[in-house]
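Hi everyone, thanks for coming. Please have the sequence and the model up on your screens, and we'll walk through a few spots together.

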Amino acid sequence: MQTYLIHWQFPDQEAHMKGADVFAQYVESGCESDKFEGFKVINRVVNPEGASGWAIVKASDHKAVWKWCQPWCKGFGNDVEVNPVLTDSEYLAVHKELD
């Protein structure tokens with residue numbers, strides 16, 4: 001599984017306020033969509049004042065990442081930036097191969 005860093009940004013405060021209520025309900029109900037075949041949220045942080053947030057996820061492929069992000073883009077117009085990243089141990093393994 002690949003590790004990804006995902007950043008999302010609501011287009012404006014109005015969309016953010018609508019999304020905030022939906023997100024609160026999502027968290028209160030147990031974040032069901034945060035884990036499915038080929039995908040798992042490792043950690044998520046939100047910046048309410050900035051109408052944005054970040055998540056570190058593990059995914060089998062980019063399709064799984066899009067499956068998780070798409071409802072927030074479709075429903076609230078979020079801009080999403082997805083970056084594949086390495087954990088410390090993955091970085092060390094590659095670094096040692098390159099020496």
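When I say that two residues touch, I mean contact, that is, heavy atoms within 4.5 Å. Before we start, this is a predicted model, where local features need pLDDT of at least 70 and side-chain atom pairs count only at pLDDT 80 or more, while totals for chains, interfaces and linings use all residues. Residues are numbered from 1 along each chain as its sequence is written, and side-chain values use heavy atoms, with hydrogens and water left out.

Let's begin with H16. You'll find H16 in helix α1; helices here are DSSP runs of H or I with at least four residues, strands are runs of E with at least two, and both are numbered from the N terminus. Which residues does H16 touch, leaving aside those up to four places away in sequence? They are F10, P48 and A51. H16 is buried because its relative accessibility is 11%, and buried means under 20% relative accessible area, with exposed over 50% and partly exposed in between, using a 1.4 Å probe and protein chains only.

One of those contacts, A51, deserves a stop. A51 sits in the loop between β3 and β4 and is buried too, at a relative accessible area of 2%. Its phi is near 55°, a positive value in a residue other than glycine. C31 likewise has a positive phi, near 55°, and belongs to the loop between α1 and β2. With 17% relative accessibility, C31 counts as buried.

Now the aromatics. Rings of Phe, Tyr and Trp (its six-membered ring) pair if their centres lie within 6.5 Å; planes under 30 degrees apart are stacked, over 60 edge-to-face, and the rest tilted. How many aromatic pairs does that rule give? The count is 7. Take Y26 and W72: their ring centres are 6.3 Å apart and their planes at 80°, so this pair is edge-to-face. Y26 is in helix α1 (residues 13-28) and W72 in helix α2 (residues 62-76), so the pair ties together parts 46 residues apart in sequence. Y26 itself is buried, at 15% relative accessibility. Both belong to one aromatic cluster, made of F10, F23, Y26, W72 and F76.

Finally, look at F36. K67 lies over the face of that ring, 4.6 Å from its centre; the rule asks for NZ of Lys or CZ of Arg within 6 Å of the ring centre and within 35 degrees of the ring normal.
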